[in-house]
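Dear colleague,

I am passing on to you the structure shown below, together with a short account of what was found in it. Please read the notes beside the structure itself.

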Amino acid sequence: MLQSIQDYFRQLAETNPSWNFIYIYDPVQTARVLDGLWMTIILSVVCVILSVVIGVVGALLQGSPRRWVRSVVQGYIQFFRNTPPLIQLLFFYFALGQFTPSYSPDGWLEVPIISNVGWAIISLSFFAGAFNVEIFRSGIEAVPESTKEASESLGMNRLQTYIYVVLPLAFRVSLPSLNNNLVNLVKTTTQAIVIAVPELLYQLVSIYNDYSTAQNACMVLMFLVYIVLVGILVLGMNRWERGMRIPGYGA
Amino acid sequence: MAESKWTPKEPMVSAKDVHKSFGDLEVLKGVSMDVMKGDCVCVIGPSGSGKSTYIRCINALNPIDSGSIEVEGQEVNDPHLDKLELRKKVGMVFQQYNLFPHKTALENIMMAPMRVLKEPKDEVETRARELIKKVRLEGKEDSFPGELSGGQQQRVAIARSLAMRPDVMLFDEVTAALDPETVKEVLVTIRDLAEEGMTCILVTHEMGFAREVANHIYFTDRGVIVEHGPPKTFFTKAKDPRTKEFLSQIL
C-alpha cells in the first residue's frame, strides 16, 4: 500500500518535474518533515501555554494599586504590540543573545545557555502574551462592579472575589478573542525560521533548496499542515467555549 | 479586634450624624437611627434622597465621611475596620440580585460559608438545601441564575445572604426590579424572616409592606431623616409637609 503510493509519487515526479513530492517517497526527507512538524507543535504548545500565563499575570498586575507596576505592564504591552514579531525574534536572538552566558557541554564548543529554540519560545510567548494581557483585562473589566460588591458584602476579600467570581466570568468573556490570538500565535511560529529554529517551514525550505523540483509540493504541504494544526486548535477552543457556557447567561 | 461589649438591650445598629458626600454632592447630611434587635425598619423617600447610600454605609460598601455607625458595638467609621468581622454580622440583598452567574443556585449559597467561614462542604450543603426550602425554591438547586425568574433570583440572593448567618439583614430596594406578580413572593420571604425575629433594614417603595410588616418607618428626603415613627402614626398622622406630599403621591 505505502509502497504503491510512494511509487506513484516517484512516477509523478519523473513525468511532472514541477510536482516532486519528494518527502513522500524519500525517507530522509520524510524524517526532516516530521522533525519540523514536531518542532512546530512543541513551539506552538509551549508558546500558547506561556502566553496565556503571561496574559493572566499581566492582567492581574494591571489592576495593581501601584502605579509603577501598571506602567511596567503598559510599557511591555506597547513594546510587544507595536513592533513586528519578526524583529523581536531577531533582536532577542542576535542582540540579547550576545549577553547571555554560555557553557561548554563537551569542553570544546561554547554554547549559549539559551538556544535559538529557547529564544523563539521566549520571544513568541511575550509577543502573544502582550495581546493576551489586553484580552484578559477587557474580560475583567466586563465583570460588573455590582457582582464584585455582592461578593465583598458576603465577606470575601479582594483576592477571593478575584479567584472565585471575577476570573471565572472574565475568562468566559475573553475566550473568543483569546481564540483568535492563539491562532495568530501558531501561525507566527513560522517566523522562527529567521533564527534557524528547525520548525516545519525551515525544514521544507531546506528541502526545496536541495531539490528545487520539490518547491510546489512543499508549499502545498505547508498549507495543509497549518490548516490542520489551526483547525485542531480552533476545534478545541470552541469545544472549551461551549463547555464553559453558562445556561441562561450571555448569548 | 477588641471583644464587643454589645448587649441585646442596646441598639443593634446605631447611626449617629452620618455624613457622606460623592464629590461636591452631599448625599447624607447627618442621618441618625437606632435599630434594636428584632426590629424591622423601612426607609422610604423619593429617589435621590440618600436611602440606598445610607444602607450601603452600614456594611461599609460606602465609607462614610463623618459621624458614626455602630453594628453590635463595632464602629464602621474606622480606618482599621475589620470588614470581614462586620460583614459576617451584616447580610445584604441588592436591587439587581447580583448572583454569581457561573454558579448554580446551591453553589451561590454555599460559596461564602465555604470560602469565608471555611466550613466543611457537607455541613454547608445541608444548610444551603434548608435555605432553598425556606425561600420556597425546592427543585431549583441546580439551576443557574440565568435560568431563574427575577423573583426566584432574588430569593436565592436572600438565601445566599442568610447562609452567612447574619444578625442583621439589609435590603436595598430588593423588589424594584421585579414584576408586580413576583414582588409578592419576595416580600413574603422577607416578612417570614422578620416574623422569625431577624433584624431587617429595608429601603423600599412598597408602602403596603412597610405598613404591614415594619415596626418603624423612616422618611428621608435630600439626605436627612424628615420624620419617623411606627407605621400606625406615620401613615395617618404625618406632620411634616414633605412627608404628607410624598405619601399623597404614592398612596
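**A helix pair in chain B**

In chain B, helix H3 (residues 105-115) packs against helix H5 (residues 150-162) with their axes 8 Å apart and at an angle of about 25°. Please bear in mind that this is a predicted model. Because angles under 35 degrees count as roughly parallel, H3(B) and H5(B) are roughly parallel to each other. The crossing of H3(B) past H5(B) is right-handed. On the side of H3(B), the contact is made by Ala105(B), Asn108(B) and Ile109(B), and on the side of H5(B) by Val156(B), Ala159(B) and Arg160(B). By class, the residues of this contact comprise four nonpolar, one polar and one charged. In general, an α-helix has 3.6 residues a turn, so residues three or four places apart point the same way.

**Helix H1 of chain B**

Is helix H1 (residues 51-58) of chain B mostly covered or mostly uncovered? Helix H1 of chain B is mostly covered, with seven of its eight residues buried. The buried residues in H1(B) are Lys51(B), Thr53(B), Tyr54(B), Ile55(B), Arg56(B), Cys57(B) and Ile58(B). Just after H1(B) comes Ala60(B), which takes a positive phi of about 65°.

**Chain B as a whole**

The secondary structure of chain B consists of nine helices and 10 strands. Its C-alpha trace spans about 55 × 45 × 35 Å along the principal axes. For 251 residues, a compact globule would have a radius of gyration near 18 Å, and chain B agrees with this because its own value is 18 Å. Of the 251 residues of chain B, 49% count as buried. Among the contacts in chain B with a separation of 6 or more, 65% are between residues 24 or more positions apart.

**Where chain A meets chain B**

How many residues of chain A are in contact with chain B? There are 17 such residues in chain A, and they are in contact with 20 residues of chain B. On the side of chain A that touches chain B, the elements giving two or more residues are helix H7 (145-153) and helix H8 (158-188) of chain A. That side of chain A has 10 nonpolar residues, six polar residues and one charged residue.

With kind regards

Definitions and conventions. Residues are numbered from 1 along each chain as its sequence is written. Chains are lettered from A and ligands numbered from 1 in the order in which they are written. This is a predicted model: local features need pLDDT of at least 70, side-chain atom pairs count only at pLDDT 80 or more; totals for chains, interfaces and linings use all residues. Two residues are in contact if their C-beta atoms, placed from the backbone, lie within 7 Å. Helices (H or I, at least four residues) and strands (E, at least two) are DSSP runs, numbered from the N terminus. Ala, Val, Leu, Ile, Met, Phe, Trp, Tyr, Cys and Pro count as nonpolar, Asp, Glu, Lys and Arg as charged, and the others, Gly among them, as polar. The radius of gyration is taken over C-alpha atoms; the globule rule is 2.2 Å times the number of residues to the power 0.38. A residue is buried if 20 or more other C-beta atoms lie within 10 Å of its own, exposed if 12 or fewer, and partly exposed in between; C-beta atoms are placed from the backbone. Axes are lines fitted to C-alpha atoms, for helices over the stretch in contact, and angles run from 0 to 180 degrees between N-to-C directions. Angles under 35 degrees count as roughly parallel, over 145 as roughly antiparallel, 65 to 115 as roughly perpendicular and the rest as oblique. A crossing is left-handed if the near helix is turned anticlockwise from the far one by less than a right angle, and right-handed if clockwise.
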